[in-house]
Amino acid sequence: MIIDTQLASLFTAVSLVIIGIYGAVFLDNLIKKVISLAFIGDGANLFIIALGYKPGGIVYIFLPGMAADWFAQHAAYPLPFALVLTSIVIGASTTAVMLGLIIVLYKKYKSIKASKILGEL
Amino acid sequence: MIEYILMFIVILGAILALMQRDLLKAAILTGIPGAAMAFLYQYLLAPDVALTQAIVGSAILPVFFALAVYKTRRVED
């Protein structure tokens, strides 16, 4: 392949963020706006994971028999992975809060169109 | 080679999920990029993140969206 795995993953993450921003701005349905915001979060997580990747590396688990210098040179960088693990769970819970607010808005306005709730421009 | 196919599935599933007029189909299609991204995390040397993403992205979030669609209106007008 011409481009390696890390660069292709970064392009995928940027594409997800662009798709999410397009959906959150131009789509009229509130549930589709929330789906787009979830895509933006997934793109950001994939970007951070791709930054910690090391081509030809190993998983960051120190097994018996490995030399410490060899492990430090070949293992992937584990700090972004530990942070993204928290970010995924927080993203899921904020999505749940947004969906609950949409249900409350539907009970008040009987519609989930943003142009009807906020008023036409 | 398989990671490029997974990246293509992620982008294609995201576009398809935002193109549906039936919101229940959109909620179910949201699980496809989540599952493909879990496999992609495994290829990017992050197996613990892949475990979390496999549960959250492909099971919990589509169920949340489907519950919200069930409580509101299904067809986008």
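Predicted model: local features only at pLDDT ≥ 70, side-chain atom pairs only at ≥ 80, totals over all residues.

Start with the largest nonpolar core, which has 44 residues. Those with the most contacts inside it are Ile31(A), Ile35(A), Ile49(A) and Tyr41(B). At least two residues each come from helices 1, 2 and 4 of chain A and from helices 1, 2, 3 and 4 of chain B. Helix 2 of chain A gives the largest share, nine residues. Leaving aside residues up to four places away in sequence, Ile35(A) touches Gly23(A), and on chain B Ala17(B), Leu18(B), Ala26(B), Thr30(B) and Phe65(B).

Next, the helix pair. The axes of helix 1 of chain A and helix 1 of chain B come within 10 Å and cross at roughly 0 degrees, so the two helices are roughly parallel to each other. The residues of this contact divide into ten nonpolar, five polar and one charged. On the chain A side they include Thr5(A), Leu16(A) and Gly23(A), and on the chain B side Glu3(B), Val10(B) and Leu18(B).

Last, helix 3 of chain B, residues 31-43. Its 13 residues reach 19 Å from first C-alpha to last, close to the expected 18 Å. Its buried residues include Gly31(B), Pro33(B), Met37(B) and Tyr41(B). What do the buried residues of this helix pack against? They pack against helix 2 of chain A, together with helices 1, 2 and 4 of chain B. After the helix comes Leu45(B), with a positive phi near 65 degrees.

Terms used. Residues numbered from 1 in each chain as written. Chains lettered and ligands numbered in written order. Helix = DSSP H or I, 4+ residues; strand = E, 2+ residues; numbered from the N terminus. Expected span 1.5 Å × (residues − 1). Buried ≥ 20, exposed ≤ 12 C-beta atoms within 10 Å, placed from the backbone. Contact = placed C-beta atoms within 7 Å. Core = buried A, V, L, I, M, F, W, Y, C linked by C-beta atoms within 7 Å. Axes fitted to C-alpha atoms, helices over the stretch in contact; angles between N-to-C directions. Parallel < 35°, antiparallel > 145°, perpendicular 65-115°, else oblique. Nonpolar A, V, L, I, M, F, W, Y, C, P; charged D, E, K, R; others polar.
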